[in-house]
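Trainee: I would like to learn how to read salt bridges, cores and sheets in a model. Can we work through one together?

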Amino acid sequence: MQSSHGNRTDEAPPAAEQQGMAGEGRESAATATEESERERDLEAELAQMEDRYKRALADLDNYRKRAGREAERRITAQSDAQLREWLDVVDSLERAVLMQPEDPVIQGLRGVLEQMESILARHGTQRVGAPGERFDPERHEAVGVQPADDVPDQTVLNVSRSGFARDGRVLRPAQVVVSRASPE
């Protein structure tokens with residue numbers, strides 16, 4: 001088949017054109033390979049950045065939780081310290097009441113003592129240590145030992161100073177006299 005210029009259209013292009021077309025194919029294949037590699041590098045970098053982002057979020061969440069726990073711990077410690085100071089006042093009032101129980105002034109102090117104990121109870125504070133309890137070094141401080149045959153060994157016989165606990169934590173151990181079985 002001939003074109004209007006007298007050339008055949010189904011003829012192969014000249015050799016120079018064939019080389020140019022082959023070179024273009026090689027260039028486009030090389031460019032495609034480079035683009036594919038660049039795309040893989042970018043995807044890897046993106047995955048790495050996403051991982052770093054997730055780790056940073058987890059670290060921030062852990063920090064917030066840790067800071068919250070630390071703040072709560074400090075608040076509790078400060079509150080416990082204030083309560084321990086008030087316990088000294090309770091002890092003083094108890095000693096005053098025991099000195100002269102029938103004195104009219106002491107009757108007024110007894111009312112103040114009861115009011116203070118009700119306030120402590122409202123704040124979750126309860127007394128620790130009573131005669132007849134089994135000695136527990138976590139809750140009791142032994143200030144004396146007495147031989148006793150009528151009670152089991154390591155039993156609290158007398159409470160010298162009441163102990164107090166709050167929410168399961170001992171604020172101050174009770175000072176107690178403990179029984180010791182007589183040697184036979």
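Trainee: Are arginine 166 and aspartate 80 buried or exposed?

Mentor: Both arginine 166 and aspartate 80 are buried. Buried means under 20% relative accessible area, exposed means over 50%, and partly exposed lies in between (1.4 Å probe, protein chains only). Aspartate 80 has a relative accessible area of 8%. Keep the source in mind: this is a predicted model, where local features need pLDDT of at least 70, side-chain atom pairs count only at pLDDT 80 or more, and totals for chains, interfaces and linings use all residues. Residues are numbered from 1 along each chain as its sequence is written, and side-chain values use heavy atoms, with hydrogens and water left out.

Trainee: What meets in a salt bridge with the side chain of arginine 166?

Mentor: The general idea comes before the case. Side chains of opposite charge can pair when their charged atoms come close. The cut-off for a salt bridge is a side-chain nitrogen of Lys or Arg within 4 Å of a carboxyl oxygen of Asp or Glu. Here arginine 166 meets aspartate 80, at 3.3 Å from N to O. Arginine 166 sits in strand E4 (residues 163–166) and aspartate 80 in helix H1, so this pair ties together parts 86 residues apart in sequence. Helices (H or I, at least four residues) and strands (E, at least two) are DSSP runs, numbered from the N terminus.

Trainee: Which residues is aspartate 80 in contact with, leaving aside neighbours within four places in sequence?

Mentor: Contact means heavy atoms within 4.5 Å. Aspartate 80 is in contact with Arg166, Arg169 and Leu171, once those neighbours are left aside. Its side chain also forms a salt bridge with arginine 169, at 2.8 Å from N to O. Arginine 169 belongs to strand E5 (residues 169–172) and aspartate 80 to helix H1, so the bridge links parts 89 residues apart in sequence. Arginine 169 is partly exposed, at 31% relative accessibility.

Trainee: How many salt bridges does the structure hold?

Mentor: Eleven. One of them joins lysine 65 to aspartate 61, with the closest N and O atoms 3.3 Å apart. These two are four residues apart in helix H1, so about one helical turn separates them. Lysine 65 is partly exposed at 46% relative accessibility, and aspartate 61 is partly exposed at 35%. A network of salt bridges links Glu70, Arg73 and Arg74.

Trainee: Which residues make up the largest nonpolar core?

Mentor: In soluble globular proteins, nonpolar side chains tend to be buried together. A nonpolar core is a set of buried Ala, Val, Leu, Ile, Met, Phe, Trp, Tyr and Cys residues joined through side-chain atoms within 4.5 Å. The largest one has eleven residues, including Leu83, Leu87, Ile106, Met116 and Phe164. Helix H1 (15–99) and helix H2 (104–122) each supply at least two residues of this core. H1 gives the most, with five residues. Leucine 87 touches Leu120, Phe164 and Arg172, not counting residues up to four places away in sequence. Another core, of five residues, lies apart, with Phe135 and Val176 among them.

Trainee: What is the order of strands in the open sheet?

Mentor: Strands of a sheet pair through backbone hydrogen bonds, either parallel or antiparallel. Two strands pair if DSSP finds at least two bridges between them. Here three strands run in the order E1-E4-E5, with antiparallel pairing. The edge strands are E1 (125–128) and E5, each pairing on one side only. Four bridges join E1 to E4. Arginine 166 returns here: in E4, it is the bridge partner of threonine 125.
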